[in-house]
Amino acid sequence: GKRGPKTAAPNLRVHTGLFQSPIHIEGFRKIFLSTGTPAPAASSMRASASKVAKAIVKENKKSMRKHAKFASKLQKLRGESGIPVEGDCQYSSPLYSGVGKKPMQPASQCVYTMSENATTEKKVVSMATKNKLCSRSRVKKRCPHHEDEDEGKCTSNLDIEESIGNELQWAEDCLRDLVKKGTQITEVTTDGDSAAHKAAKQLYNEGLLDQAPIHNLDTRHLSCSQRKKINMKSFSSHMFPGRTKAKRQSVHGHFACDLAMRCQGEYQKAIVDTAGDLQKLVNKMKRIRKAIRWCYKGRHNKCRRSSYMCGGIGKKDNWFSKSPYFKYGFKLTPTEKDDELLSECIREKLGIKMLKKTARNRNTQKSEAVNRGMRRSLPKNVTFKKNFEARAHCAVHAINEGPASSIMSLCDTLGVPIPDGS
């Protein structure tokens, strides 16, 4: 073993709590000093943190492997050859925040997480951390990839010139990690602007996956994308009611929100009614698309037969009686070109091409929840250079196992179990 006394149990336990909070070592010492209590030395706390960090990363990888195996076994019982997954990436700063303000990309750290969709709990089964910062950069002007152990380990695993927004590569790292553990992938759900699904196809072409993975689009992000595209459409001045241009633009914005909500409602009802049968869904949506167009033009005779959300002319069941954006009796006066643009807007959500990618009604809400939960350990206003990876793994471990069970498990791993009844 290593020379010197063993680290005291409280000194190890405290870091399992700090890694699950936004508080760093200096903040923890200030809290102690403000109460008149002698604070532990910063150097000794950093040494303890390094020891705890290694154990946390190892334990979380073990935990994710366990959840991946369980999901695979469950899918085999269902007659499936692999598990469906969803993925999303979180950045220390939004990639668009520095456009035109600073060179290169503004984010210096990112975490890509992949969650299984085989169970209702949707556990995180793989993750990749990318860091451009090195804790040794304060000592040396330039950060070499340290080879001498006396200089310390370089904490960056991504060069400053490389693109941190390369989600294709980060997703590939996660998928290769899963395949290496013996987990097959059958479906991949991503945002519409992500290229992560191409990584799964690449692994299939290499022969690492038994079957070509199905790419699903996130239904929630698709609705947001549809709303934005409707807002960008150039309708004529006759399309929307209003005496002034400002009033018509306001109605245009409300119409974008209303149509996106209408399409999402029709889609959700149709998914339940058709029990996920793609051909039935496509046939149903042909009539629904036509009914929506006529409905917004004030002609509701098709709604009663074809629409789930509008019951027809009667005020009680009419869509505009339930809409939070318009009143009963609202209608558009589109030109022929406007009518074509309206059809395009509806197809953004209910078109055949989109229905093929959303027929399974998947989304990445779990990944979004993981991203928000990770902000507890990696807040935007604090940059952790050295323990970034460990804090990300600690956050995922807490999300998978629960905060209390996570701390108990990590303390057991460190050999300092929390006494019963404490």
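Student: Let's begin with aromatic rings. How do I read a pair of them?

Tutor: A pair of aromatic rings is described by how far apart the centres are and by the angle of the planes. In this predicted model, a search of the whole structure turns up 9 aromatic pairs. Take Phe28 and Phe32: their ring centres are 4.9 Å apart and their planes sit at 45 degrees, so this pair is tilted.

Student: Where do Phe28 and Phe32 lie?

Tutor: Both belong to helix α2 (residues 25-34), and they are 4 residues apart, about one turn of the helix. Phe28 counts as buried because its relative accessibility is 14%, while Phe32, with a relative accessible area of 29%, is partly exposed.

Student: What kind of pair do Tyr296 and Phe320 make?

Tutor: That pair is edge-to-face, because the planes are at 85 degrees; the ring centres are 5.4 Å apart. Tyr296 is in helix α8 (residues 278-296) and Phe320 is in helix α10 (residues 319-322), so the pair ties together parts that are 24 residues apart in sequence. Both Tyr296 and Phe320 are buried.

Student: Which residues form an aromatic cluster?

Tutor: One cluster is formed by Phe235, Phe240, Phe255, Tyr296, Phe320, Phe326 and Phe330. You can find Tyr296 and Phe320 there again.

Student: Now for charges. How should I think about a salt bridge?

Tutor: Side chains of opposite charge can pair when their charged atoms come close. This structure holds 14 salt bridges. In one of them, Glu172 meets Arg176 at 2.8 Å, N to O. Both residues lie in helix α4 (residues 167-180), 4 residues apart, about one turn of the helix.

Student: Which salt bridge links distant parts of the chain?

Tutor: Look at Lys229 and Glu348, whose side chains meet at 3.2 Å, N to O. Lys229 is in helix α6 (residues 219-232) and Glu348 in helix α11 (residues 336-350), 119 residues apart. Lys229 is partly exposed, with a relative accessible area of 35%, and Glu348 counts as buried at 18% relative accessibility. Salt bridges can also share partners: Glu172, Arg176 and Glu206 are joined into one network in that way.

Student: What about the backbone? How do I read a phi value?

Tutor: Most residues other than glycine have a negative phi. Lys122 has a positive value, with phi near 50 degrees. Lys122 is found in the loop between β2 (109-116) and β3 (124-131), and at 23% relative accessibility it counts as partly exposed. Ala275 also has a positive phi, near 55 degrees. Its place is the loop between α7 (245-274) and α8, and Ala275 is exposed, with a relative accessible area of 71%.

Student: One last feature. Which residues form a positive surface patch?

Tutor: The patch is made up of Arg46, Lys54, Lys58, Lys61, Lys62, Arg65, Lys69, Lys73, Lys76, Lys153 and Lys386. Lys61 counts as partly exposed, at 38% relative accessibility.

Note on methods
Residues numbered from 1 in each chain as written. Predicted model: local features only at pLDDT ≥ 70, side-chain atom pairs only at ≥ 80, totals over all residues. Heavy atoms only, no water. Patch = residues over 30% accessible without salt bridge, like charges linked within 9 Å, V, L, I, M, F, W, Y side chains within 5 Å. Areas by Shrake-Rupley, 256 points an atom, 1.4 Å probe, with all protein chains shown as cover. Salt bridge = Lys/Arg side-chain N within 4 Å of Asp/Glu carboxyl O. Lys, Arg positive; Asp, Glu negative; His and termini not counted. Charge placed at Lys NZ, Arg CZ, Asp CG, Glu CD. Buried < 20%, exposed > 50% of the residue type's maximum accessible area, 1.4 Å probe, protein only. Phe/Tyr/Trp six-rings, centres within 6.5 Å; stacked < 30°, edge-to-face > 60°. Helix = DSSP H or I, 4+ residues; strand = E, 2+ residues; numbered from the N terminus.
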